[in-house]
Protein chains: 2
Amino acid sequence: MRGERKSPTMADVAREAGVSSMTVSRAYRPGSPINAETREAIIAAAERLGYVFDSTAAGLSSRRTGFVAVTIPSINNANFADTVRGLTDGLGDSRLQVLLGYTNYDLEQEERLVRQLLTRRPEAIVLTGGRHTDACRRLLVHAGIPVLETWDAPADPVGSVAGFSNAEAGAMLVRHLVETGRRRIGFLGGDATRDTRGLDRRRGYLAAMAAQGLGAHRLVEAGPPPVSMREGAEAMAALVRRWPDTDAVICVSDLAAFGAVTECQRLGIAVPEQIAICGFGAYELAEVSIPAITTVDPHCYDLGRIAASHILGLLSDPSAAPSITTLQPTLMIRASTSVA
Amino acid sequence: MRGERKSPTMADVAREAGVSSMTVSRAYRPGSPINAETREAIIAAAERLGYVFDSTAAGLSSRRTGFVAVTIPSINNANFADTVRGLTDGLGDSRLQVLLGYTNYDLEQEERLVRQLLTRRPEAIVLTGGRHTDACRRLLVHAGIPVLETWDAPADPVGSVAGFSNAEAGAMLVRHLVETGRRRIGFLGGDATRDTRGLDRRRGYLAAMAAQGLGAHRLVEAGPPPVSMREGAEAMAALVRRWPDTDAVICVSDLAAFGAVTECQRLGIAVPEQIAICGFGAYELAEVSIPAITTVDPHCYDLGRIAASHILGLLSDPSAAPSITTLQPTLMIRASTSVA
DNA sequence: CCACTATATGTTATCGATAACATGGTCAAT
DNA sequence: ATTGACCATGTTATCGATAACATATAGTGG
């Protein structure tokens with residue numbers, strides 16, 4: 001094999017093809033003025049040498065790294081994964097590539113992550129959630145690149161937004177349950193310190209309960225986010241132990257809700273006849289579960305698509321104002337809350 | 001705000017702190033010989049200017065980008081997510097950062113992804129699976145960096161391995177089902193074109209059935225991978241329609257298995273009394289489901305940790321030979337196959 | 001036939017950091 | 001006082017590409 005010692009550069013390819021390295025550079029970027037035959041000869045020379053383009057050098061030189069930095073709370077979550085898919089698909093074959101990191105639902109860790117990601121000189125940055133540490137916010141504002149917040153509808157966004165109101169999602173569920181005759185409604189979520197989106201849904205629950213003149217004291221905290229299925233089950237057991245007359249429960253996610261449903265099955269509690277249960281996120285699980293679980297669909301994939309489209313717009317026209325898109329989450333009524 | 005026009009560089013920080021830019025560089029890399037007070041003064045100057053380190057330039061200059069490229073079939077899969085978590089945790093606070101991409105279970109797309117990732121000059125690359133296109137294999141061999149394959153036990157690995165035998169996982173389940181008296185065992189998986197690991201499990205099933213002298217013709221294909229819960233349910237319905245005397249089903253994943261379980265519930269088929277069902281992956285769902293689903297735990301998180309440790313070893317001693325680690329998957333017997 | 005435009009290619013400086021080597025100062029041992 | 005070791009810092013060249021500008025050749029309209 002040739003070039004085993006040190007990988008060949010554009011200059012090597014240029015020599016091999018008998019052109020200047022600038023011409024090789026042109027051969028590699030679409031839309032450059034270059035003769036078709038010359039390009040083919042260059043690509044052939046590159047293949048012969050086993051040349052691999054170096055984005056690191058290109059990024060330094062052109063000041064366009066092709067990275068879009070993205071932070072999500074957890075990589076192990078179908079909802080955020082869907083948003084990332086939407087974003088990746090939306091970036092399509094623009095030359096942009098997602099650079100992903102996760103924060104473990106922790107704002108301090110988000111700040112550290114943002115700091116690290118910014119050293120890679122991304123051309124835009126996408127954050128899950130609209131709450132950040134002060135220092136993080138400052139970093140974002142000064143980064144000089146498009147900033148997009150998703151999965152939230154912040155009152156004071158840093159830049160663009162592709163989000164929805166978590167509080168409204170919580171409130172929707174309360175209204176639905178009240179309409180179907182429930183009054184003693186509990187909320188099952190993570191502890192009060194971390195998952196700001198889950199907390200927003202809880203705030204929506206509290207406000208909607210108050211608006212209906214109902215007591216909203218049935219709060220169970222299932223530990224640090226994300227709340228697992230098992231933790232959902234345990235928290236459900238704790239809830240009915242403490243407030244046996246509960247007639248409905250809103251869970252912070254469909255996973256917790258599924259755990260709650262299985263716990264009810266174990267305890268001999270009929271769902272939805274004795275207790276209605278609903279979740280959040282429109283996970284496939286909620287649809288397949290028996291009974292199927294009422295949930296709210298935040299349109300995760302679309303959030304990603306919209307985020308991508310905002311970013312592409314801002315990059316093509318840097319003078320454009322930030323774009324704010326707020327989607328309306330969709331209530332999906334299923335067997336776990338509605339007696340057929 | 002200062003430095004709004006153009007972000008400050010090390011040279012700017014150096015000027016502000018009254019030192020040379022080389023000294024600033026030293027202030028930013030742990031283990032460099034530098035006076036503690038000088039370092040503090042430099043950091044302070046950097047903060048004043050809002051300086052952000054540029055890894056792009058550092059990577060070009062030092063030829064160490066700090067990236068570990070990782071390919072997984074799908075970002076929306078708890079198993080692969082766990083492996084990535086293990087890897088990230090394992091890299092810990094080494095200066096290495098994961099650069100993730102997904103292949104959508106497609107070897108052609110894997111090749112394209114690898115090509116793209118290599119342009120970022122990663123210091124190592126991790127691949128899910130041991131099967132690749134010829135061109136992809138060539139790229140990997142010539143990349144001149146540690147290559148690690150995971151989630152498989154390839155006969156002819158490119159470099160290092162942190163894997164397990166998918167065929168053995170399939171065979172384990174067959175043996176377990178035979179031990180509990182089942183003979184008419186089906187396999188429910190994706191179509192035969194894409195998910196090579198799922199296909200390996202199917203091969204294991206076929207071989208084990210043959211070894212037991214049993215017919216292994218009850219194969220249902222549920223479409224392209226990944227097989228969803230819903231597709232698992234549909235495939236289960238098709239299976240019992242076609243072969244009503246089936247007494248056990250091995251599903252390509254726990255998600256498909258859960259779908260199959262719910263379908264049985266709908267059809268009034270008792271699990272495990274009439275049909276035993278098992279999955280793969282040790283998803284939380286399999287544990288919480290009622291009945292709990294028998295599965296095989298491939299130790300996803302550990303695979304990631306081991307991969308990280310192999311990589312760190314190879315990077316610290318480039319002359320070291322590749323490391324091969326093969327874990328034994330663990331059978332987890334649950335209610336879906338065992339009559340208590 | 002001339003100026004004029006478009007296309008294809010080359011030349012030079014530069015992006016922001018680090019490697020490798022050079023240097024000056026301090027301190028202990030002889 | 002001299003030598004040598006060591007620590008802290010500076011100087012210069014370089015990593016591999018691209019921006020910006022320069023140049024050459026071919027075709028076009030008046």
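**Notebook: chains A and B, predicted model**

I began with B:R63, which counts as exposed at 60% relative accessibility (exposed is over 50% relative accessible area, buried under 20%, partly exposed in between, with a 1.4 Å probe and protein chains only). I worked on a predicted model, in which local features need pLDDT of at least 70, side-chain atom pairs count only at pLDDT 80 or more, and totals for chains, interfaces and linings use all residues. Residues are numbered from 1 along each chain as its sequence is written, chains are lettered from A and ligands numbered from 1 in the order in which they are written, and side-chain values use heavy atoms, with hydrogens and water left out.

**Backbone entries, chain B**

I found B:R63 in the loop between α4 (55–62) and β1 (67–72) of chain B; helices (H or I, at least four residues) and strands (E, at least two) are DSSP runs, numbered from the N terminus. B:R63 is not a glycine, yet its phi is positive, about 60 degrees. I noted a positive phi near 60 degrees for B:H299 too, again a residue other than glycine. B:H299 sits in the loop between β10 (295–297) and α13 (300–316) of chain B.

I then looked up cis peptide bonds. The bond from B:P225 to B:P226 is cis, with omega near -5 degrees, and B:P226 lies in the loop between β7 (219–221) and α10 (229–242). The bond from B:V271 to B:P272 is cis as well, with omega near 10 degrees; B:P272 belongs to the loop between α11 (254–267) and β9 (276–278). For reference, most residues other than glycine have a negative phi, and most peptide bonds are trans.

**Interface of A and B**

I counted 51 residues of chain A in contact with 51 residues of chain B, contact meaning heavy atoms within 4.5 Å. The two chains bury about 4,700 Å² between them, 54% of it on carbon and sulfur atoms; this is the accessible area (1.4 Å probe) that two parts lose on being put together, summed over both.

The rule finds six salt bridges across the interface (a side-chain nitrogen of Lys or Arg within 4 Å of a carboxyl oxygen of Asp or Glu). I checked the one between A:R230 and B:E287, where the closest N and O atoms are 3.1 Å apart. On the side of chain A that touches chain B, several elements each supply at least two residues, among them α4 (55–62), α10 (229–242) and α12 (284–288). The largest share, seven residues, comes from α5(A).

I also looked at A:T56, in helix α4 of chain A. A:T56 is buried, with a relative accessible area of 10%. Beyond neighbours within four places in sequence, A:T56 is in contact with residues including B:T56, B:G59 and B:R120.

**Symmetry**

I noted that chain A can be laid on chain B with an RMSD of 0.0 Å by a turn of 180 degrees and a shift of 0.0 Å along the axis. That is the relation of a two-fold axis. The superposition is by least squares on the C-alpha atoms of residues with pLDDT of at least 70 in both copies. Because 100% of the interface residues of chain A are also interface residues in chain B, the copies meet through the same surface.

**A:T295**

My last entry is A:T295, found in strand β10 (residues 295–297) of chain A. A:T295 counts as buried at 0% relative accessibility.
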